[in-house]
Amino acid sequence: MSIKLFPVLCNEKNMANYAYILNDTQSKQTLIIDAAEPDPIISKLEELNLTPSYILTTHHHFDHVGANETLKQKYNLQIIAPEKEFSKIPAADTAARDGETIYIGSLEITPISAAGHTNGHLLYYIPKEKMLFTGDVLFNCCIGGLFEGTPQEMFTSLQKIKALPNDTLIFAGHEYTRSCLPPQAFNHPEFQLYLQKMLSREQGNTAPATLAEEKQFNPYLQADTLSEFLGQ
């Protein structure tokens, strides 16, 4: 793997956001996905002795863009934002469009349109590494709320995720797993590896679930039709 990834938990007391620092070991380029809060991100970058060149933003909500302006001023970096939400993203420089590959160093990143949580939400997929950054569309064992979109749009977005390889690594925008788990999870043998990953993430480690695991444990990915998704 040519990517070193470092999750940074932000807004810990209320939102439990993830910002992700990615370092391309081939080109030495560093980027951030969803710059949620300045201080934890800057602290981690200084610890790692990394200087970011880009921010990729999944959507416009304040808890995913809160560090944009501070980091741009400090590092003179470029901010890539969803085309449909471009005017809402602080300090945005370049629009990202569905299916148009973004090249950063040796990385090839594919934006995937995923309306539902917001109208212009994008996922960022790195096919070579099978890494998917889902923002607030897909969480571990649950999904994001429909702030702007419709159930049909969210269902369609989830089908796009389900179509990816089962060994795709899921990097969500929040650490909400514990509150999303069903009551029987802690005593059910099938959940134990999934729970171990959650506990590891809660300790600040990189422990993504796979898409196969989300298909197994996330009820929102088990619906094959819109009617099932709506519980009809």
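Mentor: A polar contact is a pair of N or O atoms within 3.5 Å, where within protein one atom must be able to donate a hydrogen and the other to accept it, and where residues adjacent in sequence count only if both atoms are side-chain atoms. This is a predicted model, in which local features need pLDDT of at least 70 and side-chain atom pairs count only at pLDDT 80 or more, while totals for chains, interfaces and linings use all residues. Residues are numbered from 1 along each chain as its sequence is written, and side-chain values use heavy atoms, with hydrogens and water left out.

Trainee: Which residue joins its side chain to that of T177 in a polar contact of 2.9 Å?

Mentor: T177 belongs to helix α5, residues 177-180, where helices (H or I, at least four residues) and strands (E, at least two) are DSSP runs numbered from the N terminus. Its relative accessibility is 1%, and T177 therefore counts as buried, a word that means under 20% relative accessible area, with exposed over 50% and partly exposed in between (1.4 Å probe, protein chains only). The polar contact of 2.9 Å joins the side chain of T177 to that of R201.

Trainee: Leaving aside neighbours within four places in sequence, with which residues is T177 in contact?

Mentor: Contact here means heavy atoms within 4.5 Å. With its neighbours within four places in sequence set aside, T177 is in contact with N140, Y194, M198 and R201.

Trainee: Is K197 buried or exposed?

Mentor: K197 sits in helix α6, and, not counting residues up to four places away in sequence, K197 touches A207, P208, A209, T210 and E213. Its relative accessibility is 17%, so K197 counts as buried.

Trainee: Which strands stand at the edges of the open sheet?

Mentor: Six strands form this open sheet, with mixed pairing, in the order β7-β8-β9-β10-β13-β14. Each edge strand has a single partner strand, so one side of each is left without a neighbour in the sheet, and these edge strands are β7 (102-104) and β14 (209-210).

Trainee: In which sense do β13 and β14 pair?

Mentor: Two strands pair if DSSP finds at least two bridges between them. Strand β10 (residues 131-135) pairs with β13 (residues 169-172) in the parallel sense over four bridges, with M131 opposite L169 and L132 opposite I170. I170 also stands opposite A209 in β14. The two bridges between β13 and β14 make their pairing antiparallel.

Trainee: Which element supplies the largest share of the lining of the largest pocket?

Mentor: On a 1 Å grid over the protein atoms alone, a pocket is an open set of points with protein on both sides within 12 Å along at least five of seven lines, a cavity is a set where a 1.4 Å probe fits but cannot get out, and lining residues have an atom within 4 Å of a point. The largest pocket has a volume of about 160 Å³, where grid points are joined across faces, edges and corners and a volume is the space filled by probe spheres set on the points. Its lining holds 13 residues, with P7, V8, L9, R201 and G204 nearest the centre. At least two lining residues come from each of β1 (3-10), α1 (38-48) and α6 (192-202), and the largest share, four residues, comes from β1.

Trainee: How many nonpolar residues does the lining of the largest cavity have?

Mentor: The largest cavity holds about 90 Å³ of space, and of its 14 lining residues Y18, Y20, F171, R201 and P208 lie nearest its centre. Strand β13 gives the most to this lining, with three residues. Ala, Val, Leu, Ile, Met, Phe, Trp, Tyr, Cys and Pro count as nonpolar, Asp, Glu, Lys and Arg as charged, and the others, Gly among them, as polar. On that division the lining has three polar and two charged residues, while the nonpolar ones number nine.

Trainee: How much space lies in the second largest cavity?

Mentor: A search of the whole structure finds two cavities of 30 Å³ or more. The lining of the second largest cavity includes Y18, Y20, F133 and F171, and its largest share, three residues, comes from β10. The space in this second largest cavity is about 40 Å³.
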